[in-house]
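Biologist: Before I plan anything around this protein, I would like to go through its charged pairs, a hairpin and some backbone details with you.
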Amino acid sequence: MGPILTKQLKKPFSLLPQNLVALTLTLLTSVGLATSSGHAVAKSVKVTSPDKQITVTLSDDDVRPYYQVTFQDQSVINPSSLGLVFQSLGEFGEGFNITKVVHTKTADRWQQPWGEREWIDDVHNRILVQLSNARYSFSVEIKAFDDGLGFRYHVPKQAHLGKLNITKELTEFVVPNPDKTTAWWIPARGWNRYEYLYQTSSIAKIDRVHTPFTFKLDSGVHMSIHEAALVDYAAMTLDQRRDGTLQANLTPWSDGIKVKTEAGFVTPWRTIQISDNAVGLLNSDLILNLNEPNTLGEVDWVEPSKYVGIWWGMHLNENTWGSGEKHGATTKETKRYMDFAADNGFAGVLVEGWNIGWDGSWFHNGDVFSFTEAYPDFDLPQIAAYGKSKGVRLIGHHETSGSVTNYRKQMNNAYDLYQRNGVSQVKTGYVADGGDIKRVDEQGVTRHEWHDGQFMVNEYLYSVTQAAKRQISINTHEPIKDTGLRRTYPNWISREGARGQEFNAWGTPPNNPSHTTTLAYTRMLAGPMDFTPGIFDLAPKGLDAINRVQTTLTKQLALYVVLYSPIQMAADLPRNYQKHPEAFQFIKDVPTDWHQSRAIAGEVGEYVVFARQERGGKSQGKDWYLGAITDDEPRNVKVRLDFLDTDTEYEAQIYRDGDKANWQTAPYDYVIEHRRVNASDLLTLKLASSGGSAIRFKALN
């Protein structure tokens with residue numbers, strides 16, 4: 001029997017007795033240890049969540065190892081295969097048996113430097129199961145939390161193993177009753193990356209889908225499959241084989257190999273979030289808890305904030321990215337935006353189109369971009385100095401058009417230029433069709449890769465780590481999906497990875513009323529999104545135009561609370577905010593960094609209500625904010641205010657839809673009310689078709 005290892009917590013966990021906070025690792029002779037003859041004894045091992053509601057069983061008594069998940073004594077993932085396939089070795093799975101098991105209990109609490117909540121509780125039970133076929137071994141690590149589970153593979157260094165090519169992952173998620181299980185999904189490995197409208201169907205009708213993949217069993221249990229800590233590995237999509245059998249399908253390199261690695265690696269975590277209702281998914285910290293702690297040290301230079309930008313005008317064709325009479329990124333225009341930002345309390349101004357390369361067909365020729373040379377009408381040092389005098393930072397922008405080798409060659413010089421001019425946040429872009437990232441290999445041969453293949457997974461992270469060396473934060477557009485790496489690299493401050501606001505300007509069709517009510521339960525389970533809310537001119541081409549924002553004005557306000565990001569854009573043109581100064585006040589007031597967040601009510605694709613408490617700020621963390629949004633179905637939602645501090649009185653500043661509000665015919669009908677409330681009160685929120693309510697609870701004592 002192996003030794004007993006004990007590790008004490010770094011910080012006390014306030015919610016549990018001290019005698020429960022030690023981590024005890026024990027090799028168990030009764031489950032999975034080899035006998036003296038070398039044959040495995042046990043056929044299965046189990047790990048349960050701390051609240052005993054979730055049980056994960058791993059067995060070796062079939063053709064290959066498999067796992068099963070139960071929740072509240074019902075099977076929510078039926079027996080599902082485990083394993084990896086290597087180009088030179090074949091399958092690690094069939095013929096492998098359990099030979100060793102390590103059990104662990106953890107109760108910890110850790111602090112986010114910024115986030116939707118300041119403190120996160122990490123309470124889980126863990127098993128590390130070694131499997132062997134007498135020649136090779138690998139391990140499956142499983143962590144069970146109250147809100148779900150994660151598992152990953154370890155392939156340790158061992159004799160006769162060096163470089164390895166993974167050609168397939170055998171991981172399955174077998175969902176019971178697929179014909180009766182409702183799923184919300186977007187297709188994977190398509191031309192438009194993650195930027196699709198969500199579809200709703202039974203699981204039986206899906207093909208290959210992206211994660212997070214959210215579904216509801218016929219029992220009412222809500223689940224979402226995703227992954228955490230995606231590093232040096234291909235992204236996982238889900239490919240339906242037999243009905244209900246979802247197999248991990250890794251995005252390949254241009255040569256067809258899925259992952260290029262060597263012995264001594266671990267895979268990303270395969271995650272399953274589980275709740276008996278939709279709201280429970282929104283309150284899960286599973287993805288963050290499965291990532292490694294901050295590796296950057298002190299990160300007070302990462303600053304959550306709101307910004308405006310030279311951006312929406314290009315989408316409306318009022319300005320151009322390229323040079324000429326309508327060029328948006330000029331010194332004069334940037335100073336005008338900086339004046340607006342300073343007057344209204346915004347910390348930064350994003351400027352797109354400032355650098356050489358935007359003229360002509362920039363979408364198809366990213367090799368022409370220079371990331372250090374500005375157009376003649378844009379004076380970067382002068383603008384940076386002007387912003388500093390106004391207390392407003394210039395937010396940088398790098399569009400690569402998918403030509404990542406060109407960007408890599410210039411990246412360090414480009415970040416150095418920004419650092420010299422006090423630019424501490426950069427929006428990067430990788431506009432290119434799926435599968436059309438341009439990589440030039442060591443022999444000078446052009447290869448085309450997917451945005452979510454192993455090569456680009458590493459390329460995105462490289463940009464983040466290089467930026468961190470210069471105390472620059474990165475907001476990635478056309479990104480790799482979020483898997484919680486903001487915990488490990490807190491300067492990865494936000495990203496896109498879904499259909500954003502710009503589709504309302506030119507997309508056909510634009511984002512529909514249920515888009516954001518679905519995003520909350522799907523894409524947003526992965527992490528922050530730079531959706532760019534706050535459009536006030538909802539129909540610049542008229543209410544009957546195809547391209548318009550399909551919401552009411554107050555739904556745009558509520559999105560600042562519902563769709564979390566530590567950086568939030570006031571996306572519209574300054575002149576449109578001047579038409580609605582009273583409503584604009586909410587955008588000026590709402591924070592982007594929170595002490596705590598609570599999803600209160602909602603159903604996937606229908607509606608969602610979030611309450612968040614400000615972290616620090618002018619109120620010293622006393623103020624709360626609430627956002628509620630609905631799809632095209634008007635509804636009345638009752639909200640108890642028991643999330644408020646019980647010993648505090650508040651002024652509720654309510655921005656709500658008017659009695660005649662409707663996104664199609666009266667999107668600008670809104671009412672602003674002020675009421676005195678406390679934690680014992682009940683509010684009824686009247687939400688119009690594709691409407692919303694945004695509330696600031698201002699502490700009065």
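Biologist: What relative accessibility does Lys686 have, and as what does it count?

Modeller: This is a predicted model, in which local features need pLDDT of at least 70 and side-chain atom pairs count only at pLDDT 80 or more, while totals for chains, interfaces and linings use all residues. Residues are numbered from 1 along each chain as its sequence is written, and side-chain values use heavy atoms, with hydrogens and water left out. Buried means under 20% relative accessible area and exposed means over 50%, with partly exposed in between (1.4 Å probe, protein chains only). At 41% relative accessibility, Lys686 therefore counts as partly exposed.

Biologist: With which residue does Lys686 form a salt bridge, and which parts does the pair tie together?

Modeller: A salt bridge here is a side-chain nitrogen of Lys or Arg within 4 Å of a carboxyl oxygen of Asp or Glu. The partner of Lys686 is Asp659, with the closest N and O atoms 3.7 Å apart. Because Lys686 lies in strand E40 (residues 682–687) and Asp659 in the loop between strand E38 (650–657) and strand E39 (670–677), the pair ties together parts that are 27 residues apart in sequence. Helices (H or I, at least four residues) and strands (E, at least two) are DSSP runs, numbered from the N terminus; the parts asked for are strand E40 and the loop between E38 and E39.

Biologist: How many residues apart are Arg696 and Asp589, and where do they lie?

Modeller: The side chains of Arg696 and Asp589 meet in a salt bridge, at 3.4 Å from N to O. This pair links distant parts of the chain, with Arg696 in strand E41 (residues 692–699) and Asp589 in helix H12 (residues 581–589), and the separation is 107 residues.

Biologist: In the salt bridge of Asp441 with Arg447, which residue is buried and which is partly exposed?

Modeller: The closest N and O atoms of Asp441 and Arg447 are 3.1 Å apart. Arg447 has 34% relative accessibility and so counts as partly exposed, whereas the relative accessible area of 10% belongs to the buried residue, Asp441.

Biologist: How many salt bridges does a search of the whole structure find?

Modeller: The pairs discussed above are examples, among them Asp441 with Arg447. The search of the whole structure gives a total of 30.

Biologist: Which residues of strand E3 make up its covered face?

Modeller: In a regular strand the side chains alternate between the two faces of the sheet. In E3 (residues 44–48), Ser44, Lys46 and Thr48 make up the uncovered face, and the covered face consists of Val45 and Val47.

Biologist: Which residue in the turn between E3 and E4 has a positive phi?

Modeller: E3 pairs with strand E4 (residues 54–59) in the antiparallel sense over five bridges, where pairing requires that DSSP finds at least two bridges between two strands. Thr48 stands opposite Thr55 in E4. The two strands form a hairpin with five residues between them, and the turn residue with a phi of about 70° is Lys52.

Biologist: What is the phi of Ala134?

Modeller: Ala134 is found in the loop between strand E10 (119–132) and strand E11 (137–145), and its relative accessible area of 81% makes it exposed. Although Ala134 is not a glycine, its phi is positive, at about 85°.

Biologist: From which residue does the cis peptide bond to Pro212 run?

Modeller: Pro212 has its place in the loop between strand E17 (208–209) and strand E18 (213–216). The bond has omega near 5°, and the residue that it comes from is Thr211.
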